[in-house]
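Please open the model in a viewer and keep the sequence panel at hand.

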Amino acid sequence: MVISSRRSIRLRSSQKQSQDLTQDLTDIDDLSSSDAQADSDEEYSVTKKRKKQTIKTVSKKTKGNPKRKNTRVIPSSVDQLEDFQENSIFKALSDDDVAVSELSAFWLEQFEESPTDAIKDLLNFTLRCCGCVSQIQEHDVANPDSATETVGEIQQFFQSQKAHEFPLMASGLAKISKWKYFRNRVVEFVEQILFVAHENRMLYENENLMESILVWLSALSTSNLRPLRYASTLFLLTMETTLCRITVKVASLLSKTQNQYDSEKRKLTSRTKSSRLNSIQANIDTHKLNKKALDDYLTDITHTTFIHRYRDVDPKIRKECMSALGLWIDIYPEFFFENTYLRYFGWILSDADAHVRFEVLKSLGRLYKKDVIATGFRQFTERFKKRIIEIAIFDLDFHAKSQAISVLCEITMCGYLENVEELRVIGSIFLSCSHFSKSQTHRIHAELSKYIAIVEAGLTKHFLESHTLPDEQCDELSNYIKYGNFARLLQDSYELYSTEEQTDLLGQQKLHLLPFYDVNDFYSSVYHIPRYYNHGNSVPQVLKFLVTDFTSMESLSDTLRKALQLDSDGVSILLNYVRDSLSCYNEKGDYDNSRKKSGSEDPSKDVIVSAIIDKIPVLFEKFKSSKHKFQCLLQMFNHIFEGSFFHKLNSQSTCEELTDSILTFFQGMNVYLSKDSPLNADFSTFFKLIIKSAVQSNDTRLRLSIDALCKQLSKTGNLNFISLRKLLLVGEFTNTSDYLEPIIERLVEVQCIEERLDVWLQFTSRSLKTALEFITEEKSLTEELLQNLFGKFPFILRSLKENLDHIRTATTFANILAACKSFALRVEGREHDSIVGPLASFFLQLDLSISPEVERQLLHNFLVLESKLATVLNIQLEREEDDEVSFQETNFEETTVWDAEQDICGYVLILKRLFDIGVMSTKSLERIRLNETLLGNVFASVVKEIKLKASELEPVPEITSNDNNV
C-alpha cells in the first residue's frame, strides 16, 4: 500500500493558513514573545458546577463570500442556551463506568459510514472538553481546506462566553470530583481509536482517517485560545505516543517475520520453490509499508504540532510536550533518540516555569537510566550539563532542584562530569536554602547523600584498584578509605565555594555559604544510604577509624598511610556523622528508615550507643582542645544522658568520668558563650540534665562538683565577661546567689556592661524567689540570710540610676524596681508579723521611688527609640516643648521597620510595669501616647495596653528578661 503525499501537503497548507490569520487570531510561538501573547490569550477559570448547556451551530460558510456578515446569536453564558443536546462522546466519557474501547470502536464504525459526521462529533467533543458551548455541524467539516476559517469562527463564539468550564483541566482536582478521572478516560479514548484502527487495518487502508483527524486537530492547535490549543495539542501528542507503541509492535513483527523468512529460505534448495516463502515475503512487504506509514504520521505530527507547541506561551502545553517527548524517546528510541530531538530538552531546561523544567528533568532521568547510549547523547550532555548543575545548585523550586540532583547521579555514573563539577554539586550542601521547608531541605539532603555516595564509590574503587592492602586488614582498611574519601569530598567542595570567584557567584544568586559545621541534618541523611549504613556497622567502624593511630602500623605503605590520615576538618565531619546517626532511631530504639526492607534485622540503638560509650572517653581526651569537636561530643553525651542510656547499659562510671571532663573543659575554656550561640545551647542542655539528675538522685558528688565550679568562676581575680557568662549559664538551673553576692559591688570595676546587668538581674530575681519560698512555707528569715539576700539591693538600684542613659541599663532598672515594688506591696503593713516582719521592715526602708530626673531619663530613652522608628518610617512626629531629642540630628544605624518596632515596643512594655506600680506620672504617659496614631498599629496596640491598665496593680511579678523583643 502506498500512502499518498496529499495528506502531508494538506497539513502543511493548513499550518500555513493558520499563520496567515489576522492578528487577533495569530498564535505567537516564540517564548520571547510570551508577554505579548499573554495579552491576547484569554484565560479560563474552572468553575465548580456545570450549568445546563445547549449547542449552537457555527453558521454554514457561504462560498465566494468570505466577508459575509454573521447574524447568528452568540450565547454569552450557559444560562442562555436551550434545547441542550450533549455531544455523545463527551456524555459517554463523563461516566466513570464507560467502556472506552467499545466507544472507540463505535466511533470508527461511524467514520466508515459517514466520515464528516464522525469528524464533526470528534471536534465537538474536543470543544466540549474545553467548555465551549457553541459547536459545529456536519457541513462545517465537509471541506478540510476551510479548517482554519472554521476554527476562527469557533474562537469568536468561544470568546464571547462569560462563563467557562474546562473539564479537561479540572480533571484531578479534589474539589471537582466529577472530573477526577475524566482526562484519563479522554486520553484512553484517543489511544483506543488508534489501537482499534491498527487492529482492523483502518489505520493503513483508510487514508482519510488520519488525514481528517490531523488536519482539524492541527488547525485547533494553532488557536490563540489556550483551552482549544491545550486540548487539541494533548490529543495530538497522545496520538503520537500511541503511534510510537504501535510502530514498535509493527517493527517487532517485521523482525520476526524477516527471521522466519530467512529460516525458511535456508531450508530450500535452488531447485525448489515455496509458496510459503512467497506468503512470508508478502507479510514482510506489508509490515514495511505499515511501518513507513506510521513513521510518516509521526513526522507529520512532529512538524505540524510539536515543533510549534513545545515553545507555546502556555507552560501547561510546554509541559505536555516535554512529557510526551520523553515517552516517545523511551518507547521508540530508534526514531527519536537522536540529537535532533534531544536538543529540545536542552533548550527547555531554561524554561521560566518550574513545572516545565521538572518535566524535562524527569524525562532525562529516565533516559540516563537506560543502558543504551544513542549517538549524540554524550554531546548533548557536554552541551547542557552546566545548566543541569545550575538547576541542582541554584533553582528555587524544590521539585526541579531535587530532580536535577537525581539526574546528575545518573550522569555521574555514566562518567560525564569532571571532578570540579562533582565538587560543585556536593558543595551545594553548604549553601543556604532558607526558602525551602524543613522537610524539603531534608529530601534535598537525601538526594545529595546519594550523589556523594556515587562520587565517593568511584574514588574508592579507583584507589583500591591501584593499591594493594594487607590481606589480614583488607576489609577494615577498605572501609576506612571509604569514610576518608567521604570526608575529603566534603572538605574539597567547601574549599571550592570558599574561593573569591564562587563567593561572587553566590552573591549574584543571593545565597551565602553556611559555616562548615552548620549542616547537621545532612549527616542523618547520609546514615540512611546503604553504602554507609552497612547494616548498622558504620558507627563502630568510624569510631575505630577515629581512634586508630596509623603511624605505628609498619605494614602500611606511605601512600596508604597518607590516605588514612584525616586532618582536623575531616575528623569533625565523621564525628558529626556519628552524632547524627543517633537521630535515626525511634523512641523504641529501632532503626527508623522507611526505605529498609521489611523483615530485615538491624541493630538497635542500644548497640550503637554502646559502641559510642565505649569510645567516647578516648575521643574526649583526644579532641578536648578543639571547640567544634568537643561540642559535637557534648551533643552526643547530652543525647545519651537524656535517653538514660548510661543507666540502661550499666555505664554510670563512664558517665561520671565524662561529666567531670566536661565540667573541667567548661571551666577552663577561653570561649565567650553568647546567648544565641549553639555551644551555649549545648552547655545549657548539659547543666539542665545533670543538675536535674543530681536533685532527683541526691547526688552529693555531682552537687559538690558544680559548687566547686561556681566557686572557681566567681573568684574576684578571674572576673571577666567570659567567666561571668559561664556563671550566669549555670545560674539558670541552680541558685548561685551565694557566689554572686560577694562580687556584686566588684562588677562596676569590670568592663563588661551586659554581663554585669545580667548578674544583677539574676541575683535580685533569685533573692526575691527565695524570699517568696520562705513566706509560702512560713519560715523565718534570719538577719544574716536577710542581709545576704537583700543587702546589695540598695547598691544595685543606686548604680543603675546613675547610668540610665543606656537603654539596656534602663530596662534592667525598671525590671528590678517593678519586682521589688510589687514584693513590697505584698508584705506592706506586716512589720510586726513574726515571719514576714523582717522582710516588711526592710522593704519599708528601701527607697523604691524615682525622682523627676530619673523619670525624665527613662522618658528620654523612649524619645530616642521613637525618633529611630520615625526615621525608618520617614514620618514627621508631634513634639513637646521640653523634648530633649533632636530628631533631625540623631543618626541611627541601618535598621528595618520590624527591628525598630521591636525595640520601642519592648521598651514601652518595660515602662508599663512602672506605670502599673504607680511610680511614673501621667505626664509621661501622655507623652508616650502623643504619636500613637503615627507609629503604626503594633505600637498603638502596645500603648493601648498602658491606657487600659495603667491604674491597675500587678501581683508580684518575676523579673523579666532585658531583651526588648515583643
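Between which two helices is the loop that holds asparagine 874? Select asparagine 874: this residue lies in the loop between helix 41 and helix 42 (897–916). The model is a predicted one, and in it asparagine 874 has a positive phi of about 60 degrees, although the residue is not a glycine. Is asparagine 874 buried or exposed? Its relative accessibility is 69%, so asparagine 874 counts as exposed.

**The whole protein**

Now display the entire protein. It contains 44 helices and 2 strands. Of its 966 residues, 53% count as buried. Consider next the contacts between residues at least 6 apart in sequence: 76% of them join residues at least 24 apart.

**Helix 39 and helix 41**

Select residues 807–827, which form helix 39, together with residues 852–873, which form helix 41. The axes of these two helices are 10 Å apart, and the packing angle is about 130 degrees. Helix 39 and helix 41 are therefore oblique to each other. Their crossing is left-handed. To view the contact itself, show the side chains of Ile807, Ala810 and Phe813 on helix 39, and those of Val854, Leu858, Asn861 and Leu865 on helix 41. Sorted by class, this contact of helix 39 with helix 41 has 6 nonpolar residues, 1 polar residue and no charged residues.

**Helix 10 and helix 11**

Move to residues 207–220, helix 10, and residues 226–267, helix 11. At what angle do their axes cross? The axes of helix 10 and helix 11 cross at roughly 145 degrees and come within 8 Å. Helix 10 passes helix 11 in a left-handed crossing. On helix 10, the contact is made by Met210, Ile213, Leu214, Leu217, Ser218 and Leu220. The residues of the contact of helix 10 with helix 11 comprise 10 nonpolar, 2 polar and 1 charged.

**Helix 32 and the residue after it**

Select residues 678–697, the 20 residues of helix 32. From its first C-alpha to its last, helix 32 reaches 29 Å, close to the 28 Å expected at 1.5 Å a residue. Colour its buried residues, among them Leu679, Phe683, Phe686, Phe687, Ile690 and Ala694. Asn680, Asp682 and Ser684 are also included in the buried set of helix 32. Against which helices do the buried residues of helix 32 pack? They pack against helix 29 (627–642), helix 31 (652–668), helix 33 (700–713) and helix 34 (721–731). Step just past the end of helix 32 to asparagine 698, which takes a positive phi of about 55 degrees.

**Two further loops**

Select asparagine 650, in the loop between helix 30 (645–648) and helix 31. Its phi is near 55 degrees, a positive value in a residue other than glycine. Asparagine 650 is exposed, with a relative accessible area of 65%.

Finally, select serine 432, in the loop between helix 19 (419–427) and helix 20 (438–466). Serine 432 has 12% relative accessibility and therefore counts as buried. Leaving aside its neighbours within four places in sequence, serine 432 is in contact with Leu511, His512 and Leu514.

Terms used
Residues are numbered from 1 along each chain as its sequence is written. This is a predicted model: local features need pLDDT of at least 70, side-chain atom pairs count only at pLDDT 80 or more; totals for chains, interfaces and linings use all residues. Side-chain values use heavy atoms; hydrogens and water are left out. Axes are lines fitted to C-alpha atoms, for helices over the stretch in contact, and angles run from 0 to 180 degrees between N-to-C directions. Helices (H or I, at least four residues) and strands (E, at least two) are DSSP runs, numbered from the N terminus. Angles under 35 degrees count as roughly parallel, over 145 as roughly antiparallel, 65 to 115 as roughly perpendicular and the rest as oblique. A crossing is left-handed if the near helix is turned anticlockwise from the far one by less than a right angle, and right-handed if clockwise. Contact means heavy atoms within 4.5 Å. Ala, Val, Leu, Ile, Met, Phe, Trp, Tyr, Cys and Pro count as nonpolar, Asp, Glu, Lys and Arg as charged, and the others, Gly among them, as polar. The expected span of a helix is 1.5 Å times one less than its number of residues. Buried means under 20% relative accessible area, exposed over 50%, partly exposed in between (1.4 Å probe, protein chains only).
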